[in-house]
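Subject: Structure for your files, with notes

Hello,

Here is the structure I said I would pass on. My notes on it follow below.

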Amino acid sequence: MASQSRSSDLVLAALVRARFCELLALSLQPGGPDLFLVGLLSLMDAILGIPMALVLAGISLDRETTAVLLGQRSPHSPIYELMLAQENAQWEKVAQLCGRLHLRGSFIAECHWKAMQWARQMTSNLPTDS
C-alpha cells in the first residue's frame with residue numbers, strides 16, 4: 001500500500017512538472033511542445049522502477065528532449081533546471097535562472113501554483129484502492 005501511495009505521489013509530481021514546463025514554454029521563444037513531455041517523463045524512471053535510458057529506449061523523442069532527460073546538456077536544460085530548483089525551493093538558483101531566461105520570479109511562482117492546481121484537478125477523480 002505504501003508503494004502505491006508513493007507511486008501516486010510521483011504521478012502527481014510528474015503532472016505538476018509537465019504543466020509547469022508547458023506554462024513556461026508558452027512564454028519562451030522558442031518554447032516548444034516537448035517541454036510538457038520533459039516534465040512528464042522526468043519521473044518516469046522512478047515511477048516504473050527502471051533506468052531512464054530504458055524508459056526512453058521505447059519512445060521516439062527528439063535529441064534535445066532525450067538529452068535533458070538523460071542528464072546531458074540540451075536547449076531544454078535551463079527550463080529543466082528551473083523546474084527542479086522551483087520544486088526544491090532553491091530560490092537563489094530560481095532567481096539566477098529567471099534572469100538567464102528573462103522571466104519574472106512572480107511569473108514562475110504563478111506558473112508553479114497553476115501547475116499544482118491543474119495536477120490536483122487531473123488526479124482528483126482517479127480511483128483509489130482503499
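Of the 130 residues of the protein, 38% count as buried; buried is under 20% relative accessible area, exposed is over 50%, and partly exposed lies in between, with a 1.4 Å probe and protein chains only. Please keep in mind that this is a predicted model, in which local features need pLDDT of at least 70 and side-chain atom pairs count only at pLDDT 80 or more, while totals for chains, interfaces and linings use all residues. Residues are numbered from 1 along each chain as its sequence is written, and side-chain values use heavy atoms, with hydrogens and water left out.

Overall make-up

The secondary structure comes to eight helices and zero strands, and the pattern along the sequence is α-α-α-α-α-α-α-α. Helices (H or I, at least four residues) and strands (E, at least two) are DSSP runs, numbered from the N terminus. Among contacts with a separation of 6 or more, 54% are between residues 24 or more positions apart. Contact here means heavy atoms within 4.5 Å.

The core

The largest nonpolar core has 32 residues, and those with the most contacts inside it are Phe20, Leu24, Leu69, Ile79, Leu82, Leu103 and Ile108. At least two residues of this core come from each of α1 (2–27), α2 (34–41), α4 (52–57), α5 (63–69), α6 (77–87), α7 (91–101) and α8 (105–123). The helix that gives the most is α1, with seven residues. By nonpolar core I mean a set of buried Ala, Val, Leu, Ile, Met, Phe, Trp, Tyr and Cys residues joined through side-chain atoms within 4.5 Å. Leu69 is in contact with Val38, Leu41, Ser42, Met52, Leu56, Leu61 and Tyr80, leaving aside its neighbours within four places in sequence.

α6 against α7

Two packed helices are described by the angle between their axes and the distance between the axes. For α6 and α7 the angle is about 150° and the axes are 9 Å apart. The axes are lines fitted to C-alpha atoms, for helices over the stretch in contact, and angles run from 0 to 180 degrees between N-to-C directions. The two helices α6 and α7 are therefore roughly antiparallel to each other; angles over 145 degrees count as roughly antiparallel, under 35 as roughly parallel, 65 to 115 as roughly perpendicular and the rest as oblique. The crossing of α6 past α7 is left-handed, that is, the near helix is turned anticlockwise from the far one by less than a right angle (clockwise would be right-handed).

On the α6 side the contact is made by Pro78, Ile79, Glu81, Leu82, Ala85 and Gln86, and on the α7 side by Trp91, Lys93, Val94, Leu97, Arg100 and Leu101. These residues divide into eight nonpolar, one polar and three charged, where Ala, Val, Leu, Ile, Met, Phe, Trp, Tyr, Cys and Pro count as nonpolar, Asp, Glu, Lys and Arg as charged, and the others, Gly among them, as polar.

His76 and its surroundings

His76 is found in the loop between α5 and α6 and is buried, with a relative accessible area of 10%. Leaving aside neighbours within four places in sequence, His76 is in contact with Asp34, Leu35, Val38, Asp62, Glu64, Thr65 and Val68.

Asp62, in the loop between α4 and α5, is partly exposed at 24% relative accessibility. Glu64 lies in helix α5 and counts as partly exposed at 30% relative accessibility. Beyond four places in sequence, Glu64 is in contact with Ser74, Pro75 and His76, and the C-alpha atoms of Glu64 and Pro75, 11 residues apart along the chain, are separated by 6.4 Å.

His112

Another buried histidine is His112, with a relative accessible area of 15%, placed in helix α8. Not counting residues up to four places away in sequence, His112 touches Val16, Phe20 and Gln86.

Backbone

Most residues other than glycine have a negative phi. Ala89, in the loop between α6 and α7, has a positive phi of about 55° and is partly exposed at 41% relative accessible area. His102, in the loop between α7 and α8, has a positive phi of about 60° and is exposed, with a relative accessible area of 73%.

Regards
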